[in-house]
Amino acid sequence: MKRFILIIAFLALIGCNNVGKTCPKPVEDFITNLYNNYVFNYGELDSIACNFSPTVLDSLRAAYDKEYCDGSPAYAVWLFRTDQNGSDNESIDEIKVVGKDLYKVCLTDGSTPCTCLMQIVMKDENPVLIGFKTEYENRVIDFMRK
């Protein structure tokens, strides 16, 4: 019986192993680059398309097309933030590991706090975003993999 309890405790520790750990450098660099060069400032997302799953890219493209209907090959990067586009007060406040392949980005967009839960896996030593969920005020934008 004692051995069974030890095995269960060990498995529980393994399951919680990533929570509270420091974000891996490649993931932190990807998130920081995404926000600083593409979300807060408008760079061409195609240059980092390899860091997104095809499903996420298709969803961002479809959301852009739905909003603007202009046929441009562009992406709705505003879905990673609040409606405060163009604010001078934009910052990533913290990146936390909250589970296996799950990272919570806490940011300030204007005066509005926002969180973006990102599901990022490593493929060939590169981070790949496979889902995300942005929350602020009473709004939820959910593109998490089910």
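Reader: Which strand is Leu129 found in?

Author: In this predicted model, Leu129 belongs to strand β4, which covers residues 126-136.

Reader: And is Leu129 buried or exposed there?

Author: Leu129 is buried, since its relative accessible area is 0%, and buried here means under 20%.

Reader: What is Leu129 in contact with, leaving aside its neighbours within four places in sequence?

Author: With those neighbours set aside, the contacts of Leu129 are Phe30, Asn51, Phe52, Ser53, Val56, Phe80, Met118, Gln119 and Ile120. One of these, Val56, is itself listed among the buried residues of α3.

Reader: How far apart in space are Leu129 and Met144?

Author: From C-alpha to C-alpha, Leu129 and Met144 lie 9.9 Å apart, with a separation of 15 residues in sequence.

Reader: Going up a level, what is the order of the strands in the open sheet?

Author: The open sheet has five strands in the order β1-β2-β3-β4-β5, and the pairing is antiparallel. β1 and β5 (139-143) stand at the edges with a single partner strand each, so one side of each has no neighbour in the sheet. On average, and ignoring direction, neighbouring strands of this sheet are turned by 25° against each other.

Reader: How many bridges hold β1 and β2 together, and what about β2 with β3?

Author: β1 and β2 pair in the antiparallel sense over eight bridges, and one example is Val97, whose bridge partner in β2 is Tyr103. Eight bridges are also found between β2 and strand β3 (residues 112-123), again in the antiparallel sense, with Asp109 standing opposite Thr112 in β3.

Reader: Which turn residues have a positive phi in those hairpins?

Author: In the β1 and β2 hairpin, which has two residues between the strands, Asp101 in the turn has a positive phi of about 65°. The hairpin of β2 and β3 likewise has two residues between its strands, and there Gly110 in the turn has a positive phi of about 70°.

Reader: How many residues of β2 are buried?

Author: Six of the eight residues of strand β2 (residues 102-109) are buried, so the strand is mostly covered.

Reader: Back to β4 then, how many bridges join it to β3?

Author: Nine bridges join β3 to β4, and the two strands run antiparallel. Among the paired positions, Val121 has Val128 in β4 as its bridge partner.

Reader: Which strands do helix α2 and α3 lie across?

Author: Helix α2 (residues 25-39) lies across β1, β2, β3 and β4, and runs at about 130° to β3. α3, by contrast, lies across β4 and β5, running at about 45° to β4.

Reader: What is the reach of α3 from its first C-alpha to its last?

Author: α3 has 15 residues and reaches 21 Å between those two atoms, which is close to the 21 Å expected at 1.5 Å a residue.

Reader: Which residues of α3 are buried, and where do they fall as seen down the axis?

Author: The buried residues of α3 are Val56, Leu57, Leu60, Ala63 and Tyr64. Seen down the helix axis they fall within an arc of 130°, so they line one face of α3. What covers these buried residues includes β4, whereas on the other side of α3 the residues Pro54, Thr55 and Lys66 are exposed.

Reader: What follows α3?

Author: α3 is followed by Cys69, whose phi is positive, near 50°.

Reader: Changing topic, how many aromatic pairs does a search of the whole structure find?

Author: The search finds seven aromatic pairs. In one of them, the rings of Tyr64 and Tyr68 have their centres 4.9 Å apart and their planes at 35°, so this pair is tilted. Tyr64 and Tyr68 are four residues apart in helix α3 (residues 54-68), so about one helical turn separates them.

Conventions
Residues numbered from 1 in each chain as written. Predicted model: local features only at pLDDT ≥ 70, side-chain atom pairs only at ≥ 80, totals over all residues. Heavy atoms only, no water. Buried < 20%, exposed > 50% of the residue type's maximum accessible area, 1.4 Å probe, protein only. Contact = heavy atoms within 4.5 Å. Phe/Tyr/Trp six-rings, centres within 6.5 Å; stacked < 30°, edge-to-face > 60°. Expected span 1.5 Å × (residues − 1). Arc of directions from axis to C-beta. Pairing = 2+ DSSP bridges. Axes fitted to C-alpha atoms, helices over the stretch in contact; angles between N-to-C directions.
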